[in-house]
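Here is a friendly tour of one protein model, taken topic by topic. Please keep the picture open while you read.

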Amino acid sequence: MNKSFLMRNPSSLWFLLGLSLFTIVVTILSEAGLGVISTSFVKTLGKTLCLCLIAIAMDVVWGYCGILSLGHFAFFGIGGYAIGMWLMYARTEGIVLDSLASQTIPPTPQEITDAIGNQIFGVVGSSEFPAIWAFSDSLALQLLMVVLVPGVLALGFGWLAFRSRVTGVYLSILTQAMTLALALYLFQNDSGLRGNNGLSGLQNIPGFEDTAQSTISLVFFYASVLALALGYLVFAWVTSGKMGSVIKAIRDNESRVRFLGYHVESYKLFVFTLTAIVAGIAGALYYPQAGIINPAEIAPIASIYLAVWVAIGGRGRLYGAVIGAAFVSLLSSWFTGGGAPAVNLGFYTIQWTDWWLVLLGLSFVAVTLYAPKGIGGLFDYLVRKPS
């Protein structure tokens, strides 16, 4: 008798049960419930879940397939820019229409468009819509861009890199160069995305101006929970069965897998493109909760942080990626947000906002040297049956 997918993957079942319990607890303790958890913290939890989703994608491409991509946060940022363009356009359109409503002569569509363009791009000395904003007035098309743009970029980049059989550190350098080139382009005012100013005010959802932020934050939290649950299941399926065996074999010995007759490049391209698409979806959910996105979010250092999260959590384990991303993200918010008290040594006072990155770097080195299986490896130790 064939067992169901969840029965063959008990870790997925336990993850879904834990995520469901976590969702119920947050809902009860939020401002819509008992009021124990603030709206800002609910947003922090929602953003953390989005980071857990991209961490799973990173774990699949690196921990399972052996491709150390230092550019996956670029796909995350592209998804954020795609949904941010619609949010800015729709919100600005509402403001412009309200301001022009008092005019005796109704404004023409072109006047409305010019006014919207002036509001959005005036900060970079322009008023015309760049070609990149052609679909910004359509939510459906921008949601399509969330998936399509990261997918096409990853497909093109991956096809060129993998068919040239670029591997190892050289591939990592190429992905980092791609990310750096994109970030430098976005920093320019003529990029069409407001340069260094980025897109702001994304937390103001058009059509929900009268809805409390506590309610909106819960809605995005639920959406993040759903995306993480579905993403976990999709990647659990990808990494199990025959496909999972092949991509893990590629990680361990690519030449031998190619000798056995498998088209290695196709498997790598599939994994690279799928994880890029999921990263874009995670970004589209993250930035409306963050409220702003700018080119600094796509800088190469962000993708390096992503690799650190996966390493600390335990690469090659989906739940390890979730643990690593959640642990580091929440700890970072605590240290850099002033939650951690300063330590007075007498001759020097440690301010954790200044020392957090040093602490994170030391943690990464310690995990690499002394606990290569990461935090997730502790679960393996706890459930291991004594011989």
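Phe73, Phe76, Tyr286 and Tyr287 form one aromatic cluster. Rings of Phe, Tyr and Trp (its six-membered ring) count as a pair if their centres lie within 6.5 Å. This is a predicted model, in which local features need pLDDT of at least 70, side-chain atom pairs count only at pLDDT 80 or more, and totals for chains, interfaces and linings use all residues. Residues are numbered from 1 along each chain as its sequence is written, and side-chain values use heavy atoms, with hydrogens and water left out.

**Aromatic rings**

- A search of the whole structure finds 16 aromatic pairs.
- For the angle, planes under 30 degrees apart count as stacked, over 60 as edge-to-face and the rest as tilted.
- Phe121 is buried, with a relative accessible area of 3%, while Phe129 is partly exposed at 25%.
- Buried means under 20% relative accessible area, exposed means over 50%, and partly exposed is in between (1.4 Å probe, protein chains only).

- Leu19 is found in helix H2, which covers residues 10-29.
- Helices (H or I, at least four residues) and strands (E, at least two) are DSSP runs, numbered from the N terminus.
- Leu19 counts as buried because its relative accessibility is 9%.
- Which residues does Leu19 contact, leaving aside its neighbours within four places in sequence? They are Leu49, Val225, Leu228 and Ala229, where contact means heavy atoms within 4.5 Å.
- Leu19 and Val225 are 206 residues apart in sequence, and their C-alpha atoms are 7.4 Å apart in space.

**A buried charge**

- Asp59 lies in helix H3, residues 39-64.
- Asp59 is buried yet has no salt bridge, and the nearest side chain of opposite charge, Arg315, is 6.7 Å away.
- A salt bridge needs a side-chain nitrogen of Lys or Arg within 4 Å of a carboxyl oxygen of Asp or Glu.
- For charge, Lys and Arg count as positive and Asp and Glu as negative, while His and the chain ends are not counted.
- Beyond its neighbours within four places in sequence, Asp59 has contacts that include Tyr64, Val310, Arg315 and Leu318.

**Cysteines**

- How many disulfides does the structure hold? The number is zero, where a disulfide is a pair of cysteine sulfur atoms within 2.5 Å.
- The sulfur of Cys52 is too far from other cysteines for a bond, because the closest cysteine sulfur, in Cys50, is 9.0 Å away.
- Cys52 is buried at 2% relative accessibility, and Cys65 is buried at 3%.

**Positive phi angles in two loops**

- Arg165 is not a glycine, although its phi is positive, at about 60°.
- Arg165 sits in the loop between helix H6 (139-163) and helix H7 (168-187), and is exposed at 51% relative accessibility.
- Arg194 also is a residue other than glycine with a positive phi, near 65°.
- The place of Arg194 is in the loop between H7 and strand S1 (199-200), where Arg194 is buried, with a relative accessible area of 8%.

**Helix H14**

- Helix H14 spans residues 352-370, and its buried residues are Trp356, Leu360 and Val367.
- These buried residues pack against helix H12 (300-313) and helix H13 (318-336).
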